[in-house]
2 protein chains.
Amino acid sequence: MKVIALLSGGIDSTTLLYHLLAKKHKVIAVSFNYGQRHKKELEYAKKVCQKLKVEQKVVNLSSLKELLHGSALTTPKVEVPAGHYTDATMKATVVPNRNMIFLSIAGGYAVAEKADMLAIAVHAGDHPIYPDCRPQFIESFLKALNLGNYHQVKVYAPYLNKTKTEIVQEGLKLGIDYEKETWSCYVGAKRPCGKCGTCVEREEALALAKRGR
Amino acid sequence: MKVIALLSGGIDSTTLLYHLLAKKHKVIAVSFNYGQRHKKELEYAKKVCQKLKVEQKVVNLSSLKELLHGSALTTPKVEVPAGHYTDATMKATVVPNRNMIFLSIAGGYAVAEKADMLAIAVHAGDHPIYPDCRPQFIESFLKALNLGNYHQVKVYAPYLNKTKTEIVQEGLKLGIDYEKETWSCYVGAKRPCGKCGTCVEREEALALAKRGR
């Protein structure tokens with residue numbers, strides 16, 4: 001099947017890309033530059049597409065940075081909170097309507113390409129803080145997408161109810177070298193800060209997955 | 001109330017802007033450059049905002065032109081069809097998922113601004129050809145938007161079941177000079193072509209409204 005897959009350059013969407021290729025789908029990856037603090041993730045997304053010989057479109061949404069203000073990821077003066085991903089303080093990293101914007105653009109592209117599916121790597125660990133990663137949102141988005149277009153597309157979100165550890169376990173089996181092939185840290189420095197929510201979650205998932213839990 | 005209003009520079013959204021100001025709302029207009037053939041409409045949108053002293057954000061989505069291909073509005077080699085707006089040939093002017101992309105971005109902005117409403121000028125004449133202008137789509141989009149965000153927004157689409165003639169009748173009462181203040185033609189030449197669907201519809205609505213029908 002022809003699949004348009006969202007690819008940030010992080011653990012989840014990189015695993016999804018490997019997953020789709022293992023299933024022999026014809027994949028086009030779509031990545032977004034929305035003025036995010038951790039633009040570094042895009043270098044990783046590009047490299048993994050080159051390695052896997054996957055066509056990639058990078059959409060320049062940098063003019064959205066001004067509009068989607070207030071988040072630690074788009075507004076430099078808002079600090080990236082330290083701590084666990086599920087802490088209430090992590091709400092500072094919510095970017096207004098981000099997934100709907102990404103899915104709408106990728107959905108339009110899927111319609112133009114007459115693709116069968118739109119793939120996104122949202123997972124259970126995202127649900128507490130990010131409302132646009134919850135099953136109800138994904139289902140509702142899909143309904144609107146198909147009401148708004150002649151060509152009908154399915155949404156493929158195989159990790160919707162999985163944990164990040166389960167995603168990493170799958171990825172390790174698929175041969176992903178997470179250290180080399182993915183980027184998570186929100187702070188956007190040369191090296192991962194080790195303290196922000198996504199760094200903490202990343203280390204936890206990698207450790208747990210390696211211990212086989 | 002604080003309202004984020006989509007403004008293309010055409011008859012419908014310009015009337016909506018006047019309508020919102022007449023109701024004393026605090027309005028921010030959002031316009032999109034998506035590589036449309038008739039970019040000229042954006043000049044009209046800008047001028048009317050200057051005249052009415054309305055803050056306007058112009059979002060640069062020109063990188064979407066490549067993705068949302070196949071439409072006469074984004075792909076130069078696809079000709080703009082002549083004829084009536086409701087003709088099946090007008091399907092060539094459908095841009096994949098356009099309204100969902102625009103509404104998602106404006107919706108994200110509305111959330112960031114903690115606005116009360118998101119306003120869009122879709123009308124009954126759009127329904128036959130453009131699925132993303134139909135009431136079911138608008139309703140479904142709104143549900144997804146509010147599931148995906150903490151701040152809740154209403155969608156205001158007062159023309160959803162009105163004809164373009166009724167819109168123009170309202171606009172004439174509000175003092176709009178449609179010839180000077182709006183642009184419709186899809187072809188994107190210096191002067192309106194007079195033959196494309198939106199030119200035909202425009203002339204028809206202006207003539208009927210002036211005859212008071």
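In chain B, strand β2(B), helix α2(B) and strand β3(B) make a right-handed β-α-β unit; a crossover counts as right-handed if, with the strands pointing away from the viewer, the path from the first strand over the helix to the second runs clockwise. Helices (H or I, at least four residues) and strands (E, at least two) are DSSP runs, numbered from the N terminus. The model is predicted: local features need pLDDT of at least 70, side-chain atom pairs count only at pLDDT 80 or more, and totals for chains, interfaces and linings use all residues. Residues are numbered from 1 along each chain as its sequence is written, while chains are lettered from A and ligands numbered from 1 in the order in which they are written.

The two strands of this unit, β2(B) and β3(B), run parallel and are joined by six bridges; strands are taken to pair if DSSP finds at least two bridges between them. Within this pairing, N33(B) stands opposite N60(B) of β3(B). In chain A, a right-handed β-α-β unit is likewise made by β2(A), α2(A) (residues 40-52) and β3(A). Its strands β2(A) (residues 26-33) and β3(A) (residues 55-60) are parallel and joined by six bridges, with A29(A) opposite Q56(A).

Helix α2(B) comprises 13 residues, 40-52, and extends 19 Å from its first C-alpha to its last, close to the 18 Å expected (1.5 Å times one less than the number of residues). Its buried residues are E41(B), Y44(B), A45(B), V48(B) and C49(B). Viewed down the axis of α2(B), these buried residues fall within an arc of 135°, so they line one face of the helix; the arc is that of the directions from the helix axis to the C-beta atoms. An α-helix has 3.6 residues a turn, so residues three or four places apart point the same way. On the other side of α2(B), E43(B), Q50(B) and K51(B) are exposed. A residue is buried if 20 or more other C-beta atoms, placed from the backbone, lie within 10 Å of its own, exposed if 12 or fewer, and partly exposed in between.

The buried residues of α2(B) pack against α1 (11-22), β2 (26-33), β3 (55-60) and α6 (178-181) of chain B. Just after the helix, K53(B) adopts a positive phi of about 55°.

Between the chains, 34 residues of chain B are in contact with 34 residues of chain A (C-beta atoms, placed from the backbone, within 7 Å). On the chain B side, α3(B) gives the most, with 10 residues.

Note on methods: Two residues are in contact if their C-beta atoms, placed from the backbone, lie within 7 Å.
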